[in-house]
Amino acid sequence: MARDILPTPVLEGEEVIEFYNKLANFKENLKKNSKTYIFLDEIQNVDGWEKFVRHLSDMKYRVNITGSNSKMLSSEIASTLGGRFMIVQIFPYSFKEYLTAKGETKDYSGIISTVDKAEIISLYNDYVKYGAFPELVEIRNKREYLSNIYQTIYL
């Protein structure tokens, strides 16, 4: 199934009106019963974003918002969006989930050998040292990745 994708705009000032016009033209070209999904990342950095999102929802768009700011959990958002939302919080892996993601299938709950004990301690040390972000399981240079996250958040 082919999907039409509207280029992602950066909205500032008058560009919001232009974005609405693009959405209207885009929607006209879609099949009558097709659903249109809009993904907005870090929208909380734009003043008045809640009303913009509510308007998109009223226009029958499926709006998905991602963000990493405490503003995203504000009770004001709930009243502004008027029940048109669902919050999904994403947490890091638990140690058990981390082991599963690493492909570790051994059962460490009973009596274990010295080799298995050393292995589980090593895995636990990595878990504590690097954290439990799901994407870290696949990344080889964990220090660089974590340093980039730190720099992004801190700076």
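**Entry 1: helix H5 and its end**

A helix here is a DSSP run of H or I with at least four residues, numbered from the N terminus. I took H5 as residues 114–130 on that basis. The model I am reading is a predicted one.

I looked first at what comes after the helix. H5 is followed by Gly131. The phi angle of Gly131 is positive, near 90°.

Next I checked the length. H5 has 17 residues. From first C-alpha to last, H5 reaches 24 Å, close to the 24 Å expected at 1.5 Å a residue.

Which residues of H5 are buried? I found Asp116, Ile120, Leu123, Tyr127 and Tyr130.

Asp116 is found in helix H5. Buried or exposed? Its relative accessibility is 19%, and the cut-off for buried is under 20%, so Asp116 counts as buried.

I listed the contacts of Asp116, leaving out residues up to four places away in sequence: Asp116 touches Lys106 and Tyr108. With Lys106 the side chains make a polar contact of 3.0 Å. The Lys106 and Asp116 side chains also qualify as a salt bridge, at 3.0 Å from N to O. Lys106 belongs to the loop between H4 and H5 while Asp116 belongs to helix H5, so this pair ties together parts that are 10 residues apart in sequence.

How many salt bridges did the search return? The count comes to 2. The other pair I noted is Lys106 with Glu119, whose side chains meet at 3.4 Å, N to O. This pair links distant parts of the chain, with Lys106 in the loop between H4 and H5 and Glu119 in helix H5, 13 residues apart. Through shared partners, the salt bridges join Lys106, Asp116 and Glu119 into one network.

I also recorded accessibility for the remaining two members. Lys106 counts as partly exposed at 41% relative accessibility. Glu119 counts as partly exposed as well, at 25%.

**Entry 2: aromatic pairs around Tyr127**

A pair of aromatic rings is described by the distance of the centres and the angle of the planes. I counted 5 aromatic pairs in the model. Phe95 and Tyr127 form one of them, an edge-to-face pair with 5.1 Å centre to centre and 65° between the planes. Phe95 is in helix H4 (residues 95–101) and Tyr127 in helix H5, 32 residues apart, and this pair links distant parts of the chain. Tyr127 is buried, at a relative accessible area of 17%.

Tyr127 also pairs with Tyr124, and this pair is tilted: 6.2 Å centre to centre, 35° between the planes. Where do these two tyrosines lie? Both lie in helix H5, 3 residues apart, about one turn of the helix. Tyr124 is partly exposed, with a relative accessible area of 42%.

I followed the ring pairs onward. They link Phe95, Tyr98, Tyr124 and Tyr127 into a cluster.

**Entry 3: Tyr93**

I then looked up Tyr93, which lies in the loop between helix H3 (75–81) and H4. Its relative accessible area is 24%, and Tyr93 is partly exposed.

What does Tyr93 touch, not counting residues up to four places away in sequence? I found Tyr98, Ala101, Tyr127, Ala132, Pro134 and Val137.

Notes
Residues numbered from 1 in each chain as written. Predicted model: local features only at pLDDT ≥ 70, side-chain atom pairs only at ≥ 80, totals over all residues. Heavy atoms only, no water. Phe/Tyr/Trp six-rings, centres within 6.5 Å; stacked < 30°, edge-to-face > 60°. Buried < 20%, exposed > 50% of the residue type's maximum accessible area, 1.4 Å probe, protein only. Expected span 1.5 Å × (residues − 1). Polar contact = N/O pair within 3.5 Å; in protein donor to acceptor, adjacent residues only side chain to side chain. Contact = heavy atoms within 4.5 Å. Salt bridge = Lys/Arg side-chain N within 4 Å of Asp/Glu carboxyl O.
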